Amino acid sequence: MAQHTFRTLGEFIIEKQEDFRYSTGELSRLLSAIKLAAKVVNSEVNKAGIADITGQAGNTNIQGEEQQKLDVLANDLFIKALSQREVVCGIASEENDNFIEIEAGDNVHLSKYVVLIDPLDGSSNIDVNVSVGTIFSIYRRVTQPGTPVELKDFLQKGSQQVAAGYIIYGSSTMLVYTTGNGVNGFTLDPTLGTFYLSHPDMKTPTQGKIYSINEGYYFKFPQGVKNYIKHCQEEKDDRPYTSRYIGSLAADFHRNLLKGGIYIYPTTSQSPNGKLRLLYECNPMAFLIEQAGGKASDGFKRILDITPTELHQRVAFFCGSAAMVTKAEEFMSEAVH
Ligand code: P6P
């Protein structure tokens with residue numbers, strides 16, 4: 001159980017507001033909106049089995065994936081929480097084909113932030129009671145305040161993120177985020193409904209012993225990935241490593257962040273651009289892992305340097321301990337040269 005530091009997320013957000021010169025408190029209010037929505041979604045996820053709101057909502061999203069009822073509910077809750085705080089001028093979500101323009105009261109379009117979100121990642125695990133997560137990414141708009149938000153406000157490089165984080169709904173619920181000054185983790189005390197600082201200044205080991213990849217697709221992987229998997233499995237030096245794959249990005253990422261390891265979702269013959277979405281899965285996780293001393297690339301290029309072209313574009317994802325990602329990149333490079 002997390003040792004109560006009695007530093008709540010709310011206090012921490014306010015304290016860290018000073019990290020931003022000319023801070024108007026808008027980012028603090030934005031993060032507080034995410035905190036609130038996280039508590040409500042946590043409550044719904046925890047009672048899903050009882051409230052019979054699991055199972056399929058009968059719709060499919062732009063990804064062609066069956067929308068789980070909780071997906072839809074989580075999406076609605078985060079959009080509502082963010083819209084009501086008048087600090088966000090636009091939202092892009094995995095569950096919505098297009099971005100959403102927020103017209104907040106009299107301050108039509110005056111808010112300066114946009115949020116990109118995967119409201120309930122790993123939702124296929126909901127019905128089998130495996131951890132799922134919310135992943136979010138925050139940018140300053142690049143278009144003029146007072147004008148309608150535009151697609152270019154969302155298609156920014158990951159290196160331009162103001163903040164990013166995830167909530168993991170697991171054996172305990174945690175919110176982990178960065179505003180570019182390190183990574184901090186907060187654990188929810190469900191009896192009080194309060195997030196407490198439980199993992200200050202999180203750093204990931206440079207080298208780990210865990211590799212996370214869906215080896216069911218082995219024959220569809222690029223040769224460099226096949227070679228790296230064999231490298232992980234051979235009896236030599238610090239190997240073999242341990243294979244751990246939950247099938248829920250937030251859960252695999254969180255374990256590897258704490259213990260060290262690498263998560264790989266490469267291109268396959270079936271998914272030539274990979275499966276994970278650049279804007280609201282890979283960019284936020286890449287920001288976090290770099291802030292924690294790790295590394296994230298598409299196997300060749302730094303994730304945060306990729307210039308997005310589409311809202312829901314997919315990208316190969318290699319993320320985790322710096323030495324392990326570098327080693328995997330070496331195998332990828334050798335295989336193509
Ligand atoms: P596969 C969940 O759908 C997700 O986006 C990630 O959370 C997870 O790591 C990955 O896809 C699982 O994909 O193809 O291995 O089932």
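A residue counts as exposed when its relative accessible area is over 50%, and as buried when that area is under 20%. By this cut-off Asp237 is exposed, because its relative accessibility is 67%. The structure described here is a predicted model.

## Backbone features in loops

Asp237 sits in the loop between α5 and β12, and its phi is near 45 degrees, a positive value in a residue other than glycine. Asp201 also has a positive phi, near 45 degrees. That residue belongs to the loop between β10 (194-199) and β11 (210-212), and with 45% relative accessibility Asp201 counts as partly exposed. The peptide bond joining Arg239 and Pro240 is cis, with omega at about 10 degrees. For context, most residues other than glycine have a negative phi, and most peptide bonds are trans.

## Accessibility of selected residues

The table gives the relative accessible area for several of the residues discussed in this report.

| Residue | Relative accessible area | Class |
|---|---|---|
| Thr134 | 0% | buried |
| Ser248 | 0% | buried |
| Tyr228 | 2% | buried |
| Tyr218 | 19% | buried |
| Asp201 | 45% | partly exposed |
| Asp237 | 67% | exposed |
| Phe219 | 75% | exposed |

## Aromatic pairs

Across the whole structure, 11 aromatic pairs are found. Another edge-to-face pair consists of Tyr218 and Phe219, at 5.4 Å centre to centre and with 90 degrees between the planes. In this pair Tyr218 is buried, with a relative accessible area of 19%, whereas Phe219 is exposed at 75%. Ring pairs also link Phe12, Tyr177 and Phe186 into a cluster.

Thr134 is located in strand β6 (residues 132-140). Its side chain is joined to that of Tyr169 by a polar contact of 2.8 Å. Apart from residues up to four places away in sequence, Thr134 touches Tyr169 and several others, including Phe78, Ile117, Asp118, Tyr166 and Ile167.

Ser248 occupies the loop between β12 (242-243) and α6 (249-259). When neighbours within four places in sequence are set aside, the contacts of Ser248 are Asp121, Gly122, Asn125, Ser131, Val132 and Gly133.

Tyr228 is placed in helix α5 (residues 223-233). The C-alpha atoms of Tyr228 and Ala328 are separated by 5.8 Å, although the two residues are 100 residues apart along the chain. Ala328 is also among the residues that Tyr228 touches, beyond those up to four places away in sequence; others include Tyr241, Ile262, Ile264, Met324 and Phe331.

## Packing of α6 and α7

Two packed helices are described by the angle between their axes and the distance between the axes. The axes of α6 and helix α7 (residues 278-291) come within 12 Å and cross at roughly 10 degrees. Angles under 35 degrees count as roughly parallel, and α6 and α7 are therefore roughly parallel to each other. Their crossing is right-handed. At the contact between these helices, Leu249, Ala250, Phe253 and Leu257 in α6 meet Glu281, Met285, Leu288 and Ile289 in α7.

Note on methods. Residues are numbered from 1 along each chain as its sequence is written. This is a predicted model: local features need pLDDT of at least 70, side-chain atom pairs count only at pLDDT 80 or more; totals for chains, interfaces and linings use all residues. Side-chain values use heavy atoms; hydrogens and water are left out. Rings of Phe, Tyr and Trp (its six-membered ring) pair if their centres lie within 6.5 Å; planes under 30 degrees apart count as stacked, over 60 as edge-to-face and the rest as tilted. Buried means under 20% relative accessible area, exposed over 50%, partly exposed in between (1.4 Å probe, protein chains only). Helices (H or I, at least four residues) and strands (E, at least two) are DSSP runs, numbered from the N terminus. A polar contact is a pair of N or O atoms within 3.5 Å; within protein, one must be able to donate a hydrogen and the other to accept it, and residues adjacent in sequence count only if both atoms are side-chain atoms. Contact means heavy atoms within 4.5 Å. Axes are lines fitted to C-alpha atoms, for helices over the stretch in contact, and angles run from 0 to 180 degrees between N-to-C directions. Angles under 35 degrees count as roughly parallel, over 145 as roughly antiparallel, 65 to 115 as roughly perpendicular and the rest as oblique. A crossing is left-handed if the near helix is turned anticlockwise from the far one by less than a right angle, and right-handed if clockwise.
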